[in-house]
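I opened the notebook to look up surface patches, cavities and salt bridges. The entries follow in that order.

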Amino acid sequence: MTKPVEVMNYVGGAWTMASGMETLPVVNPATQETLGQVRFSTGADVAEATAAALRALPGWRSTPATERIQFLFALKQRMEAAFDDLARTITMECGKTLDEARGEMRRAIENVEVACGIPLMMQGDVSEDIAAGIDELMIRQAVGVCAIIAPFNFPGMIPFWFLPYAIACGNTVIVKPSERVPLTMQKVFGLLDGLGLPAGVVNLVNGAKDAVDAILDHPDIKAVSFVGSTAVARHVYARGAQSGKRVQAQGGAKNPIIVLPDAEQDVTTKIVADSAFGCAGQRCLAASLTITVGEAGGWFTEAIAEAAATRQVGYGLDDGVQMGTVINHLSRERVEGLIGTGEREGAEILVDGRGTVIHGYERGSFVRPTVLRGLPAGGELARTEIFGPVLGLMHVKTIEEAIGLVNSGQYGNMACLFTSSGAAARQFRNQADSGNIGINIGVAAPMAFFPFSGWKESFFGTLHGQGRHAVEFFTQTKVVVERWPSEWTRRF
Ligand code: NAD
């Protein structure tokens, strides 16, 4: 047992306590050990953080980009040194396996590395002589104070889709982690605190809805990056826009995977199982539906049921564990309820993960991998994001029908195809209404130098997180038209 952590805010270069009355215990979902307690921030706490960020802004945005990125190089070194500690913290507060947590931290660090290229990436454009003696230039400048609001499922990675780019571009930031998993950012801010950044460049505000709404309404916060469920993403997009902010809001998902009869059987089964059951299905890029075409229905159904039934479920810190917990008991009840919904809708449960009890972790929030066959198209389970280790199978006769089913969904976060046909892959890539596409890939997570491209109800906005999109989001363009006629200039 470790001593529970009092989760603190970090404002203007100092650790402070939130002033709200409400608190929430941070609980290890596998062991039920209380790891800490988070006190919720109020509008006044958000205002204080915003004031600190605003004070830091003039100095920071006029610091040369080449100097700003030196802090990121140092941050990378510190994150590498703290890598295992951060990964363990993620596993303990979030429930995923240690390998999954390490993968998450690796992507976080990759985003720091990419943002180190800001001096090149935020360069502007110049056109000489757009008319006689007149030049025009476009420069990119910081937007101002930016806020980052994160979900529970990637406590280490998701703030890093935004934070390194935001500060590298000369903005100052406020991070609001999920109140369910605040410990990872607590440690990351410990690393940031040691960098010697000017006070107020990075700020941490813990809390929930009240803190988010205060961010959305604050007139001095100019940009909001949000990742979470679609309902909240829609709220954040609308309310942020109402107060004139630029907003990028990434929402939920219901990711379909098509398996064609010519797919390589063993590889396909393994990759789809990893996609559906990895991180206990709590990835926004988790496979939730598999649509088999023609003869794939037979072999795939049998193989995926076997893969689901034999997956090693347990505490993410233990060796050999392939799948951990869902985030809490409430989530387990919700997932088990949705499995029941599928059953009532006429699906056949091939592997049933309800009522899971893991020896040694009897109080943990576990749901074993579940596979349902014959989900009715358009039914509740075929439409609803489950966010648990549950895979629904549907079967059709042609690739056109399968793509039709993919495109009938309300979300557009990811769609994948398994095949050995280049022509089928090309057709799918062209026709699938989704922003992240996998061809023989089960989790089409864009590298840090590509945008995380959700579509439809999975994204509200125009510029996504990561890479060049992030650079555009965190800068505003200024166009300058200059006339310097030679007759006005003294000759020397
Ligand atoms: P969530 O929407 O419940 O919470 C996200 C953030 O919003 C948290 O910081 C939370 O404090 C805040 N929040 C919650 N309710 C709010 C409200 N009513 N008003 C204002 N703020 C509120 O999401 P979650 O459960 O933490 O995360 C899981 C969801 O995130 C899933 O739907 C998943 O698909 C999605 N997700 C999407 C992506 C993506 O890139 N599209 C990535 C990861 C997760």
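Which residues make a nonpolar surface patch of about 260 Å²? I found Ile130, Val479 and Val481 there. This is a predicted model, where local features need pLDDT of at least 70 and side-chain atom pairs count only at pLDDT 80 or more, while totals for chains, interfaces and linings use all residues. Residues are numbered from 1 along each chain as its sequence is written, and side-chain values use heavy atoms, with hydrogens and water left out.

Patch. I took patch residues as those with over 30% relative accessible area and no salt bridge, like charges being joined within 9 Å and nonpolar side chains (Val, Leu, Ile, Met, Phe, Trp, Tyr) within 5 Å. Areas come from the Shrake-Rupley method with a 1.4 Å probe, and for residues only the protein chains shown count as cover. I placed Ile130 in strand 6 (residues 125-131); strands (E, at least two residues) and helices (H or I, at least four) are DSSP runs numbered from the N terminus. Ile130 has a relative accessible area of 44% and is therefore partly exposed (buried is under 20%, exposed over 50%, partly exposed in between; 1.4 Å probe, protein chains only).

Cavities. I counted two cavities of 30 Å³ or more. A cavity is a set of points on a 1 Å grid over the protein atoms alone where a 1.4 Å probe fits but cannot get out, and lining residues have an atom within 4 Å of a point. Points are joined across faces, edges and corners, and a volume is the space filled by probe spheres set on them. The largest cavity holds about 80 Å³. Among its 13 lining residues, Ala253, Gly281, Ala286, Ser288 and Phe387 are the closest to its centre. The second largest cavity has about 40 Å³, and its lining includes Pro151, Pro155, Pro159 and Pro177.

Salt bridges. I noted 18 of them, each a side-chain nitrogen of Lys or Arg within 4 Å of a carboxyl oxygen of Asp or Glu. Glu80 and Arg106 meet at 2.9 Å, N to O. Glu80 is in helix 2 (residues 65-81) and Arg106 in helix 4 (residues 98-115), so this pair ties together parts 26 residues apart in sequence. Asp274 pairs with Lys270 at 2.8 Å between the closest N and O atoms. These two are four residues apart in helix 10 (residues 265-277), which means a separation of about one helical turn. Lys270 is exposed at 53% relative accessible area, whereas Asp274 is partly exposed at 26%.

Note on methods: On a 1 Å grid over the protein atoms alone, a cavity is a set of points where a 1.4 Å probe fits but cannot get out, and a pocket is an open set with protein on both sides within 12 Å along at least five of seven lines; lining residues have an atom within 4 Å of a point.
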